[in-house]
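Grab a pencil and work through these exercises one at a time. Try each task yourself before you read its solution.

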Amino acid sequence: MGIMRIIAYERVSTARQGRSGLGLEAQRSAIEAFAASRSAGVLARFTEVESGKRNTRPELDKALNLARLTGATLVIAKLDRLSRDAAFLLTLQASGVSFLACDMPEANDLTVGIMALVAQQERETISRRTTEALAAAKARGVKLGNPNGAAALRRAGKGGTALQETVRRNADEFAEDLREVVAAIRAEGHTTLRAMAKQLNARGIRTRRCGRWHVSTVQNLLRRLESLP
């Protein structure tokens, strides 16, 4: 038998993780250990940096295309980390490319197909529950879009968990979208909260509630960015 050839695919969920290497080192080590155990040669390595809200996987597409052209095996470090990523699983399932996961070497096309169906169903269920929670909150008189809406639900103790999670997730995604903008502003030397607020306003960027930036809102944004993985 010839030497096994593999295409390594790694993924991190934020630009900050991609720049810092956080999360990549462990994935890379796992793939390299796997390659060594199989005496395999790594033809190429693709690293995806994407946020949870986006379903595009350009680096995965490149990896799968190269695997098809060369007949190599796509190798990922942890399939369980991506077991809820419907976009990844559906793309992998439809590719027809041989793959292996270091943490689940027994996984196959059937395994991925089942995972994809479960992930898709889970996303639909979460979406439906969120819609129902919003409708129920509105029926109870909760003013949706109110900055204190989530706090009101917590005080009321009336099953507002899904709505609270939606509010938190939306705030996280908004902050993540501004990460590169904040980095650029800091790189230009605007490092104080007041200076950053001025720059955000000058660039026409609105807060999540479509307002102007102030010291307090910039401070909240930075705290949220620091808390994200």
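**Exercise 1.** Does D172 count as buried or exposed, and at what relative accessibility?

Solution. Start with the place: D172 sits in helix α7, residues 161-177. Next, the cut-offs: buried is under 20% relative accessible area, exposed is over 50%, and partly exposed is in between, using a 1.4 Å probe and protein chains only. D172 has 13% relative accessibility, so it counts as buried. Finally, look for its partners, where contact means heavy atoms within 4.5 Å. If you skip the neighbours within four places in sequence, D172 is in contact with R224 and L228.

A word on the ground rules: this is a predicted model, in which local features need pLDDT of at least 70 and side-chain atom pairs count only at pLDDT 80 or more, while totals for chains, interfaces and linings use all residues. Residues are numbered from 1 along each chain as its sequence is written, and side-chain values use heavy atoms, with hydrogens and water left out.

**Exercise 2.** How many helices and strands does the protein have?

Solution. Helices are DSSP runs of H or I with at least four residues, strands are runs of E with at least two, and both are numbered from the N terminus. The protein has ten helices and four strands. Read from the N terminus, their order is β-α-α-β-α-β-α-β-α-α-α-α-α-α. Now for burial: 37% of the 229 residues are buried. As for contacts between residues at least 6 apart in sequence, 67% of them join residues at least 24 apart.

**Exercise 3.** Which residues does G41 touch, leaving out those up to four places away in sequence?

Solution. First find G41 in strand β2, residues 41-49. The residues it touches are I3, M4, R5 and I6. Take M4: it is 37 residues from G41 along the chain, but their C-alpha atoms are separated by 6.3 Å. With 26% relative accessibility, G41 counts as partly exposed.

**Exercise 4.** At what angle do α8 and α9 pack, and how far apart are their axes?

Solution. Two packed helices are described by the angle between their axes and the distance between the axes. Axes are lines fitted to C-alpha atoms, for helices over the stretch in contact, and angles run from 0 to 180 degrees between N-to-C directions. Helix α8 (residues 179-187) and helix α9 (residues 193-202) pack at about 120 degrees, with axes 10 Å apart. Angles under 35 degrees count as roughly parallel, over 145 as roughly antiparallel, 65 to 115 as roughly perpendicular, and the rest as oblique. So α8 and α9 are oblique to each other. The contact uses V181, V182, I185 and R186 from α8, plus M196, Q199 and L200 from α9.

Over in α9, the buried residues are M196, A197, Q199, L200 and N201. Their cover includes α8 and α10 (215-227). Just past α9, G204 has a positive phi of about 75 degrees.

**Exercise 5.** Which residues of α8 and α10 meet?

Solution. Begin with the geometry: α8 and α10 pack at about 115 degrees, with their axes 11 Å apart. That makes α8 roughly perpendicular to α10. On the α8 side you'll find R179, V182 and R186, which meet L221, L222 and L225 in α10. By class, this contact has four nonpolar, no polar and two charged residues. To sort them, count Ala, Val, Leu, Ile, Met, Phe, Trp, Tyr, Cys and Pro as nonpolar, Asp, Glu, Lys and Arg as charged, and the others, Gly among them, as polar.
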